[in-house]
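Here are my notes for a colleague who is opening this model for the first time. Please keep the structure in view while reading.

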Amino acid sequence: MIIDGTSVALIGAGLTAALSAVGSAWGVGLAGKATSAVLSEKPNLFGQMLVLQALPGTQGFYGFIAMFLALGRINAAQSISIAQGVQLIGALLPVMLGELISAYWQGVASSGAASMVAKQPDSFGRAVIIPALVETYAILSLLASILLLGGVNL
């Protein structure tokens with residue numbers, strides 16, 4: 001089987017969704033470990049813990065958005081060279097790596113925020129800002145890939 005440009009581009013789109021999903025699963029799992037520990041002693045904090053656990057899940061959605069945009073470009077192209085496929089992968093690298101890494105660290109930050117809320121339940125508003133700051137880099141990664149996708153001539 002010969003690898004063509006479309007195959008290379010589809011590999012990039014697939015990796016985008018996969019790495020973002022892996023990051024989100026990792027981050028949500030980390031946060032879930034901490035939030036379930038809090039809930040075992042303070043079940044009344046369920047709503048607050050749910051928000052903290054869910055935050056690292058957004059990166060999976062950002063990766064899906066980038067994959068969807070890349071597929072739109074791929075499907076609209078008449079033909080794609082291997083060089084163009086590699087360009088598409090390059091354009092998707094910020095979201096691939098940004099979502100994977102930010103989701104992990106957002107899970108770590110959410111874990112710390114959960115501990116903070118467990119000790120001071122009225123600190124939720126301040127605590128949620130800590131993992132939300134990591135979200136900034138997830139969004140910047142998505143925006144970078146969207147801008148770079150505009151520069152790929154398919």
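**Notes on the model**

1. Start with Met-67, which sits in helix H3. Helices (H or I, at least four residues) and strands (E, at least two) are DSSP runs, numbered from the N terminus. Met-67 counts as buried because its relative accessibility is 16%. Buried means under 20% relative accessible area, exposed over 50%, and partly exposed in between (1.4 Å probe, protein chains only). Leaving out residues up to four places away in sequence, Met-67 touches Ala-13, Thr-16 and Ala-17. A contact here means heavy atoms within 4.5 Å. The C-alpha atoms of Met-67 and Leu-100 are 14 Å apart, and 33 residues separate the two along the chain.

2. A word on the basis. This is a predicted model, in which local features need pLDDT of at least 70 and side-chain atom pairs count only at pLDDT 80 or more, while totals for chains, interfaces and linings use all residues. Residues are numbered from 1 along each chain as its sequence is written, and side-chain values use heavy atoms, with hydrogens and water left out.

3. Now the whole chain. It has five helices and zero strands. From the N terminus the order is α-α-α-α-α. The C-alpha atoms fill a box of roughly 60 × 30 × 20 Å along the principal axes. Of the 154 residues, 42% are buried. Take the contacts between residues at least 6 apart in sequence: 85% of them join residues at least 24 apart.

4. Is Ser-24 buried or exposed? Ser-24 is buried, because its relative accessible area is 6%. This serine belongs to helix H1, residues 5–41. Beyond four places in sequence, Ser-24 touches Pro-56, Gly-57, Thr-58, Gln-59, Gly-60 and Ala-103.

5. How do H1 and helix H2 (residues 46–54) cross? Their axes come within 8 Å and cross at roughly 165°. Axes are lines fitted to C-alpha atoms, for helices over the stretch in contact, and angles run from 0 to 180 degrees between N-to-C directions. H1 and H2 are therefore roughly antiparallel. Angles under 35 degrees count as roughly parallel, over 145 as roughly antiparallel, 65 to 115 as roughly perpendicular, and the rest as oblique. H1 supplies Val-28, Ala-31, Gly-32, Thr-35, Val-38 and Leu-39 to the contact, and H2 supplies Phe-46, Met-49, Leu-52 and Gln-53. These residues divide into seven nonpolar, three polar and no charged. Ala, Val, Leu, Ile, Met, Phe, Trp, Tyr, Cys and Pro count as nonpolar, Asp, Glu, Lys and Arg as charged, and the others, Gly among them, as polar.

6. Next, H3 and H5. They pack at an angle of about 5°, with axes 10 Å apart. That makes H3 roughly parallel to H5. Among the contact residues are Tyr-62, Ile-65 and Leu-69 of H3, and Ile-139, Leu-142 and Ile-146 of H5. The residues of this contact divide into 10 nonpolar, three polar and two charged.

7. Finally, the cores. A nonpolar core is a set of buried Ala, Val, Leu, Ile, Met, Phe, Trp, Tyr and Cys residues joined through side-chain atoms within 4.5 Å. The largest has 19 residues, of which Ile-74, Leu-88 and Leu-92 touch the most other members. H1, H3 (58–76), H4 (82–119) and H5 (124–150) each give two or more residues to this core. Leu-88, its neighbours within four places aside, contacts Ala-9, Ala-70, Ile-74, Leu-149, Val-152 and Leu-154. A second, separate core of 11 residues includes Val-38, Leu-45, Ala-114 and Phe-124.
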